[in-house]
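Thank you for sending this model for comment. My remarks are set out as numbered points, to be read beside the sequence and the coordinates.

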Amino acid sequence: MDIFNVLTMIGGLALFLYGMNSMGNGLSKMAGSRLESVLERLTSKRIFAVLLGAGVTAIIQSSSATTVMVVGFVNSGIMQLSRAVGIIMGANIGTTITSWMLSLTAIDGSSVLIKLLKPSSFSPILAAIGIILIMMGKNESKRKDIGEFLLGFAILMFGMETMSSAVSGLADNPNFTSMMTAFSNPVLGMIIGAVLTAIIQSSSASVGILQALCATGAVNYSVALPIIMGQNIGTCVTSLISAIGASKNAKRAAMVHLYFNLIGTIIFMIGFYALNHFLQFAFWNTAANAAGIATIHSLFNIIATVILFPLANWLVRLAELTIPDKITGEHETAEETGLVRIDERFLERPAFAVEVCRQKVFEMATKSKESIVLAIETMFDYKDEHVKQVEALEDEIDDYEDVLGSYLVKLSGKNLSARDGRMLTQMMHSISDFERMSDHAINLAESAAEMDAKGCSFSEDAKHEMSVLCRAVGDIVNNTLDIYVTSDIEGAKHVEPLEEVVDRLTKKIKALHVKRLQAGECNAQMGIIFEDMLINLERVSDHCSNIAMELVAIEDNGYEVHELLDDMSEEQRMQFKQEYESLKKKYSLQDSNVTIEKKRE
């Protein structure tokens, strides 16, 4: 083997790794956030978690990526550690699909059908289709994603063929044969496999390299098995690195991954070598092929999962003993202090990162609604604990805005689909509105506290007017949250008529309030508090309108809310007016008008 063979081997390896990365990226983009969302949610039963972990890993072509994602889930508090175990087990099974695909390169035969199954026959066709789809597809289109997958697969297979042909000359090299024989030592073989996998951080890639070396005929099963076992341990390096600086439970998730592979390897090695000692397997000292490597890889991960599945809770306990609870003086993580956290690892999967942010914005919106409801209750039935709750919610919502704002800016620089790009823009607009709503809730609670401290109270008329207005504001907050969570564009268009009614109510109540002040029925001190409450309630309604109209505007690929209202057709204007008139009757102040007119008489 000369320098040119070495260069060919390096080039083949580069193409192999690039193809694997491109294929995984294409599949991830095609799947969007759906696979990861299922991975996050449908893990209540461990057997489902195993199946999901295997399925997602088979699609994204990387157990390391799946495990790192799980570490991110646990670090963000999205997933419990006990649920992560099943996914980690399944990821080890799912990663074996790559070795089975690569085993196609070893197919040999003279018939046309057999030749067509060889990657060297169909890969050029896939590459041609892939490049056509990429060139014809628009940016962020599904067609382009499919093209990236097909081209990645073709490059992967071409890299595999190149590596195999580059090392085929080693078959008659006694030095290479001697080196391979040395690796039949279980300990040395495992070390080599672990180190190689730790360096390239992909067990699929390192198994692929081993399959390419099988073309020399110098790699016996006695050499391959310990190397494969070491590769399963080496793949844990990626998750261990990703857990650095993460929360306590995230580190434990990485340790579960390590213990699963380490204990599984020990059990498998002891069991296999014990059986071989008594049964003397005939294949043990024969040359391994790509399909045989894939079989060993799959058998190990399936057997390890079957054995350790009932002991999953023990793996969790072992990880907890390794990473003990916080000791005195140890710095607390965001998860442990209850602060909002979105893991940076998700930025590598932009589609899923958008979905995670969307869920966090929903949480923020729910807390904003809760703060408004509590503040309104406090206005009519003052309780100190309600004011404290509103203040606590406001602090939480501020934290959501800070974390989400920073994260969304980072995410905006990623390669997002058109849909995800619109969603990100909409979230960046809405988080400030939700935060401002909580500020107004604080103002309302503080006004209620001032009323209580000064012994003030609403007059009967003022109480009635305020209750009607609060009912309207409560409804617009509820409606806005519902349409936001469901992305109900048609529903969003019905928020504006109610906002107009709230504006009208506020102006009318202010006018009635002035009349009471002039009649001496309300003192100036209470009048100022009453005015502040009206302003804050009206502004809550304004922010609801902003959120709803931004949802409509961004969906229509525009950002000018007022233009949407100005460009309504005559029929839409008529519908708007009819809805507005209906809502005016629903939130009528007729009782107060009658009372005031009687008093004036």
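1. Basis of the note. This is a predicted model, in which local features need pLDDT of at least 70 and side-chain atom pairs count only at pLDDT 80 or more, while totals for chains, interfaces and linings use all residues. Residues are numbered from 1 along each chain as its sequence is written, and side-chain values use heavy atoms, with hydrogens and water left out.

2. Overall make-up. The protein has 28 helices and zero strands, where helices (H or I, at least four residues) and strands (E, at least two) are DSSP runs numbered from the N terminus. Of the 601 residues, 50% are buried; buried here means under 20% relative accessible area, exposed means over 50%, and partly exposed lies in between (1.4 Å probe, protein chains only). Among contacts with a separation of 6 or more, 82% are between residues 24 or more positions apart, a contact being heavy atoms within 4.5 Å. The protein exposes about 27300 Å², of which carbon and sulfur atoms supply 59%; accessible areas come from the Shrake-Rupley method with a 1.4 Å probe, and for residues only the protein chains shown count as cover.

3. Nonpolar cores. A nonpolar core is a set of buried Ala, Val, Leu, Ile, Met, Phe, Trp, Tyr and Cys residues joined through side-chain atoms within 4.5 Å. The largest has 133 residues, and Phe346, Met466, Leu469, Met533 and Leu537 touch the most other members. Helix α19 (residues 350-380) gives the most to this core, with 14 residues. Apart from it lies another core, of 18 residues, among them Leu150, Phe153, Met157 and Met160.

4. Covered positions in the helices. Ser371 is placed in helix α19 and is buried, with a relative accessible area of 0%; leaving aside residues up to four places away in sequence, Ser371 touches Val390, Leu393, Ile397, Ser438 and Ala441. Leu551, in helix α25 (residues 524-555), is also buried, at a relative accessible area of 7%. The C-alpha atoms of Leu551 and Met423 are separated by 8.9 Å, although the two residues are 128 residues apart along the chain. Helix α12 (residues 203-213) is mostly covered, with eleven of its eleven residues buried.

5. Aromatic pairs. What does a search for ring pairs give? Across the whole structure it finds 13 aromatic pairs; rings of Phe, Tyr and Trp (its six-membered ring) pair if their centres lie within 6.5 Å, and planes under 30 degrees apart count as stacked, over 60 as edge-to-face and the rest as tilted. Phe268 and Phe272 are stacked, at 6.2 Å centre to centre and 10° between the planes. These two residues are four residues apart in helix α15 (residues 248-279), so they are separated by about one helical turn. Phe268 also pairs edge-to-face with Phe300, at 5.5 Å centre to centre and 90° between the planes. Because Phe268 lies in helix α15 and Phe300 in helix α16 (residues 290-308), this pair ties together parts that are 32 residues apart in sequence. Both Phe268 and Phe300 are buried.

6. Salt bridges. The search finds nine salt bridges, each a side-chain nitrogen of Lys or Arg within 4 Å of a carboxyl oxygen of Asp or Glu. Arg436 and Asp439 meet in one of them (2.8 Å, N to O), and both lie in helix α21 (residues 418-454), three residues apart. Arg436 counts as partly exposed at 34% relative accessibility, whereas Asp439 is buried, with a relative accessible area of 15%. In another, the closest N and O atoms of Glu531 and Lys510 are 3.8 Å apart. Glu531 lies in helix α25 and Lys510 in helix α24, so this pair ties together parts that are 21 residues apart in sequence.

7. A loop position. Glu521 lies in the loop between α24 (495-518) and α25 and is partly exposed, with a relative accessible area of 36%. The C-alpha atoms of Glu521 and Ser459, which are 62 residues apart along the chain, are separated by 8.3 Å.
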